[in-house]
Amino acid sequence: KRHAAQIASTEENPAREAVAVRTHARRASGYSGGPRGRPANPSGRASLPAPLPLFSPISMAVGSGPCLLAVALLAAAWISDASSSDKQQAHSNQQYVNCMPCSRTYVADAYADALTSQLSQHHDLTEVSDTTDLCKGLADELDVPTLSEVNRQLVGEGSHRRLIYSVKFGNFKDAMIQFLDGYDANLVIIEKLPSGVFADPFELQHFVERKVFLDVAVFGDTNLELPSALSNRSAVEIHFDLKTSTSMDYNLVIELPLHARYPPLDASGYATVEFGSPDLLLRYRRKETHPDPCMWAFQNLHVTPVEKAAWRIPCGDEAHTGFVSSLTFISALVEASTCAEWIRWTGPP
Amino acid sequence: WGKLLFSAADLLVGVFIDDILELRGVPARTRIWCVVAWLFNPFTFTIGTRGNCEPVVCAAMLWILICLMKGRVLQAAFWYGLIVHFRIYPIIYAIPFVIVLGKNYAGPAGRPVLTQWISKQQLQSNKGRENVEEPTSLLANLWNFLSSLITRDTILFGLFSGSMFFAWTGIFFYLYGWEFLNEALLYHLTRTDPRHNFSIYFYHIYLHHQQGFSSIQRLASFLPQLIVQLALIVRFSRDLPFCMFLQTVAFVAFNKVMTAQYFVWFFCLLPLILPWTGMKLRWKGLACALVWMGSQLHWLMWAYLLEFKGRNVFVQLWAAGIVFLAANTFVMIMVIRHHRHTPLFSVPVGPGTKIAAKKD
């Protein structure tokens with residue numbers, strides 16, 4: 001269903017289509033040599049090659065080139081996915097897992113360029129990982145922790161507020177301890193900030209220094225001074241070490257401080273900024289000293305969409321322009337002339 | 001370690017203030033109060049400890065003043081070129097420096113003679129014999145005035161500080177390229193700060209930030225600044241510390257962006273003029289301080305409501321900015337009214353020179 005929504009949204013924007021097509025194509029090529037014993041590739045697209053020849057002549061016949069071809073590929077992917085999604089749910093150990101080499105510290109940096117343009121909220125992050133290798137052994141029957149509840153709230157007043165995530169894991173405590181004994185596990189939260197809100201990278205670095213977060217990164221526009229109309233969007237990626245959560249009974253509370261930019265002018269005097277859904281991933285790997293090669297496995301923690309958070313920021317009113325500008329310049333001139341007059345007429349006796 | 005450096009610079013400024021006043025013959029008791037006015041000023045020591053480099057700039061400016069007072073023109077030029085490269089604002093002192101270095105700069109010994117401080121009682125009795133110079137007026141003696149500017153010292157100062165400035169700029173351009181030039185210099189030409197600050201222009205800039213600014217608007221914002229600076233220079237250049245102080249206050253007040261750290265620029269010069277003011281702390285001095293701080297607090301209250309409570313008070317905040325500008329103007333006028341205008345360098349007393357000085 002997520003894929004369907006994603007495809008529907010990408011049909012509007014050729015650029016986005018290109019990204020999606022690339023990833024789908026990559027997956028298609030990678031799974032030809034998948035490990036035995038697995039009913040289907042994680043995305044369930046074993047049937048992709050078959051419908052493809054049917055669609056491509058049709059798209060070429062219509063003749064609008066790459067765009068339609070992309071649409072065709074996506075449609076094919078969607079059809080095959082829809083048919084196998086039932087299969088996916090049937091197999092509980094059919095984990096939707098992706099892997100990334102340890103050298104890649106952050107997940108969201110692949111999005112860094114896309115963020116400067118209009119970014120939809122529907123991209124499935126894990127698709128951007130370049131998996132040629134299927135993390136052999138990492139995704140087999142493993143009781144990976146799942147989330148039972150996620151809450152997100154915007155707390156505070158004025159231009160500086162905090163986004164507080166309350167994350168509860170659904171596993172039993174023993175299962176969690178067992179998992180954390182064998183694996184290094186991090187919770188990865190990726191919050192794509194709406195236009196008009198930014199995170200201060202220096203402030204977040206202090207959190208890392210004080211070991212509140214394991215790591216944090218801000219992608220996109222981090223200019224702290226410009227108003228929204230002149231800046232681009234950004235995204236924050238937080239890594240939280242699950243080992244530290246043992247004391248909290250695996251109920252995590254994560255605070256992300258945020259700041260508001262000056263919004264574009266509006267007659268109502270206030271602008272409302274809405275947050276989209278965050279992406280929550282679990283990143284884990286075996287604790288062996290030299291795993292070969294070193295790979296992080298990612299589990300997309302599907303959660304019910306969190307409640308919308310909305311931030312009301314005061315903004316200027318264009319109607320004020322007339323009297324503000326004129327009075328500003330007039331006052332400045334009046335003060336300046338007053339000063340000049342006094343200077344002229346004052347002197348020693 | 002930056003904060004330690006700036007705090008050390010802060011203390012150095014105190015030392016320099018003491019030096020300057022001592023050179024001008026201010027008695028020790030008065031000097032101590034003046035130094036205290038800097039060292040214990042809550043606006044200033046917080047800036048250095050906060051990590052702002054302004055105390056370093058202040059220390060450099062005072063050192064330049066000391067060099068000029070001791071006749072070391074080259075050294076003054078060296079530091080002036082460096083400090084203008086570091087921070088652009090001291091360029092406003094360029095013309096007063098040149099004027100002061102003009103004809104009557106060096107005494108017969110080749111070194112400048114500093115006008116010594118005299119207490120008010122002495123001033124009353126000495127009235128007839130004083131060699132007090134009148135502030136130059138633009139209309140009369142314009143030609144004399146301009147020709148007096150062309151001396152060995154002024155040319156030396158101008159050329160050397162100018163070449164220092166370009167040398168430092170060149171070095172950093174070589175090291176960092178266009179990025180340096182854009183960030184350090186060109187940025188000031190096109191900067192727009194729509195975020196709220198003390199300046200009266202902030203709301204105007206915010207309202208126009210999506211449309212851009214016409215050249216007329218840019219020029220219009222420079223005009224009041226220019227008027228006041230020129231008026232001050234023309235009238236008060238000879239009393240150099242006083243001129244510098246007023247110029248800095250005016251520059252900060254009429255600037256397109258004004259933040260609290262800029263106040264340090266004139267607070268370091270304030271102790272230098274205190275011994276010459278007729279204004280007593282009670283009540284005129286206190287009134288000035290209270291008016292200035294009060295209007296600032298008023299502005300800060302609205303800013304707090306805007307930023308930390310999220311209320312739309314843009315118009316009120318902008319009006320508070322205009323009130324603050326009026327307060328700055330008030331303080332400036334009060335200071336001018338009560339100041340005993342005393343040129344920094346005096347022409348040595350002698351029958352022939354006295355007449356020449358009066359003509360000037």
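Buried means under 20% relative accessible area, exposed means over 50%, and partly exposed lies in between (1.4 Å probe, protein chains only). With that in hand, welcome to a few close-up views. This is a predicted model, in which local features need pLDDT of at least 70 and side-chain atom pairs count only at pLDDT 80 or more, while totals for chains, interfaces and linings use all residues. Residues are numbered from 1 along each chain as its sequence is written, chains are lettered from A and ligands numbered from 1 in the order in which they are written, and side-chain values use heavy atoms, with hydrogens and water left out.

**View 1. A salt bridge in chain B joins Arg152(B) and Asp153(B).** A salt bridge here is a side-chain nitrogen of Lys or Arg within 4 Å of a carboxyl oxygen of Asp or Glu. In this pair the N to O distance is 3.6 Å. Arg152(B) is exposed, at 65% relative accessibility, whereas Asp153(B) is buried, at 14%. By this rule there are 9 salt bridges over all chains.

**View 2. Chain A at a glance: 7 helices and 12 strands.** Helices (H or I, at least four residues) and strands (E, at least two) are DSSP runs, numbered from the N terminus. Of the 349 residues in chain A, 48% count as buried. Contact means heavy atoms within 4.5 Å. Among the contacts in chain A with a separation of 6 or more, 77% are between residues 24 or more positions apart.

**View 3. An open sheet of 4 strands in chain A, in the order β2-β3-β8-β5.** Two strands pair if DSSP finds at least two bridges between them, and the pairing in this sheet is antiparallel. The edge strands are β2 and β5 (197-198) of chain A, each of which pairs on one side only. β2(A), residues 147-155, is joined to β3(A) by 8 bridges, and β3(A) is joined to β8(A), residues 251-260, by 9 bridges. To find your way across, look for Val155(A) opposite Arg162(A) in β3(A), and for Tyr165(A) opposite Ile254(A) in β8(A). The hairpin of β2(A) and β3(A) has 4 residues between the strands, and there Gly156(A) takes a positive phi near 120 degrees.

View 4. Lys168(A) and Glu149(A) meet through their side chains, with 3.9 Å from N to O. Arg162(A) and Glu255(A) form another, their closest N and O atoms being 2.8 Å apart.

**View 5. Helix α5(A) and its buried face.** In this helix, residues 173-182, the buried residues are Met176(A), Phe179(A) and Leu180(A). Seen down the axis, they fall within an arc of 95 degrees (taken from the directions from the helix axis to the C-beta atoms), so they line one face of the helix. An α-helix has 3.6 residues a turn, so residues three or four places apart point the same way. The buried residues of α5(A) pack against β3 (160-169), β4 (183-193) and β10 (279-286) of chain A. On the face turned away from the buried side, look for the exposed residues Asp174(A), Gln178(A) and Asp181(A).

**View 6. Strand β9(A) with its covered and uncovered faces.** In a regular strand the side chains alternate between the two faces of the sheet. In β9(A), residues 270-274, Ala271(A) and Val273(A) make the covered face, and Tyr270(A), Thr272(A) and Glu274(A) the uncovered one. The strand runs antiparallel to β12(A), residues 310-314, with 5 bridges between them. Thr272(A) has Arg312(A) as its bridge partner in β12(A).

**View 7. Leu65(B), a buried residue in chain B.** You will find Leu65(B) in helix α4 (residues 54-69) of chain B. Its relative accessible area is 0%. Not counting residues up to four places away in sequence, Leu65(B) touches Ile20(B), Leu240(B), Pro241(B), Met244(B) and Leu272(B).
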